[in-house]
Amino acid sequence: MYNNLIVYGSLMDKNELLNENIKVEDIDLVKVYGYKRVFNQEPSNRMIQSINRAVLNVLEDGDSWINGIVLKNVSDELFAILDKREKGYERYNMYEKKVVTYGGETLTNCCIYLGNIAKLNFEILPNLEYLDICKNAAKTHGEEFFNDFLETTFKNSQEFGIEPI
């Protein structure tokens with residue numbers, strides 16, 4: 001059973017976790033290998049009419065990694081709530097992806113939300129309010145985590161395909 005959920009955007013925010021009745025004690029900081037985090041997803045909830053409307057997504061990329069938090073031992077009830085919250089994404093079981101805590105423990109039975117292919121857009125830019133929420137969330141987990149977030153988060157670019165935020 002894949003009951004450890006990797007989150008990599010606004011749900012890393014401690015207040016967002018509390019809103020979903022998730023205790024901060026039930027999380028751990030992780031590095032996830034085999035994905036690239038990019039602002040290239042059309043929003044399903046944060047709807048605005050602007051080029052600056054992209055929300056985060058992760059794309060499989062064997063040469064990349066992201067950081068995030070893991071929600072451990074997620075119940076079926078909580079998955080049902082989060083599946084509704086994360087509409088526009090599909091929950092994916094991470095069969096062979098490597099997930100390691102910042103303390104060095106390798107985790108198994110992990111899953112992650114990947115953006116729905118129909119919502120990918122390589123021309124839009126980050127929703128600035130959402131970007132601030134994600135950056136502030138990363139800051140609350142410490143300087144190393146925040147720096148890793150900045151290093152492993154990208155946005156669309158007219159000139160380069162994608163570039164660091």
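1. Both Phe39 and Tyr130 are buried, where buried stands for a relative accessible area under 20%, exposed for over 50% and partly exposed for what lies in between, with a 1.4 Å probe and protein chains only. This note concerns a predicted model, in which local features need pLDDT of at least 70 and side-chain atom pairs count only at pLDDT 80 or more, while totals for chains, interfaces and linings use all residues. Residues are numbered from 1 along each chain as its sequence is written, and side-chain values use heavy atoms, with hydrogens and water left out.

2. On the aromatic rings, the structure holds 5 aromatic pairs, a pair being two rings of Phe, Tyr or Trp (its six-membered ring) with centres within 6.5 Å, called stacked for planes under 30 degrees apart, edge-to-face for over 60 and tilted for the rest. One of them joins Phe39 and Tyr130 in an edge-to-face arrangement, at 5.9 Å centre to centre and with 80° between the planes. Since Phe39 belongs to strand β2 (residues 27–41) and Tyr130 to helix α3 (residues 128–139), the pair ties together parts that are 91 residues apart in sequence; helices (H or I, at least four residues) and strands (E, at least two) are DSSP runs numbered from the N terminus.

3. The rings of Tyr92 and Tyr95 have centres 6.4 Å apart and planes at 85°, so this pair is edge-to-face. Tyr92 counts as partly exposed at 27% relative accessibility, whereas Tyr95 is exposed, with a relative accessible area of 58%. Together with Tyr2, the residues Tyr92 and Tyr95 form one aromatic cluster.

4. Charges over rings deserve a separate point, the criterion being NZ of Lys or CZ of Arg within 6 Å of the ring centre and within 35 degrees of the ring normal. Lys31 lies over the face of Trp65, at 5.2 Å from the ring centre, and the charged end of Lys98 sits over the ring of Tyr33, 5.9 Å from its centre.

5. Which residues of helix α2 (residues 76–85) are buried? They are Leu78, Phe79, Leu82 and Arg85, and they cover an arc of only 120° around the axis, which puts them on the same side of α2; the arc is that of the directions from the helix axis to the C-beta atoms. The face of α2 turned away from this buried side carries the exposed residues Asp76, Glu77 and Lys84. The cover over the buried residues of α2 includes β1 (4–7), α1 (14–19), β3 (52–71), β4 (89–93) and β7 (110–115).

6. The largest nonpolar core has 44 residues, and those with the most contacts inside it are Leu5, Ile6, Ile69, Leu71 and Ile112; such a core is a set of buried Ala, Val, Leu, Ile, Met, Phe, Trp, Tyr and Cys residues joined through side-chain atoms within 4.5 Å. At least two residues of this core are supplied by each of β1, β2, β3, α2, β7, α3 and α4 (143–151), and its largest share, 8 residues, comes from β3. Leaving aside neighbours within four places in sequence, Leu71 is in contact (heavy atoms within 4.5 Å) with residues including Leu5, Val7, Leu17, Ile27 and Leu82.

7. As for the cysteines, a search of the whole structure finds 0 disulfides, a disulfide being a pair of cysteine sulfur atoms within 2.5 Å. Cys111 is in no disulfide, the nearest cysteine sulfur, that of Cys110, being 7.5 Å away, and Cys111 counts as buried at 0% relative accessibility. The sulfur of Cys134 is 19 Å from the closest cysteine sulfur, in Cys111, which is too far for a bond; Cys134 is buried as well, with a relative accessible area of 0%.

8. Glu123 lies in the loop between β7 and β8 (125–126) and is exposed, with a relative accessible area of 58%. Residues up to four places away in sequence not being counted, Glu123 touches Ile51, Asn156 and Gln158. Its C-alpha atom and that of Ile22, 101 residues apart along the chain, are separated by 34 Å.

9. Backbone angles with a positive phi outside glycine may be worth a look. Phi of Asn21 is near 60°, a positive value in a residue other than glycine; Asn21 has its place in the loop between α1 and β2 and is exposed, with a relative accessible area of 72%. For Asn109, also a residue other than glycine, phi is positive and near 55°; Asn109 is in the loop between β6 (106–107) and β7 and is partly exposed, with a relative accessible area of 35%.
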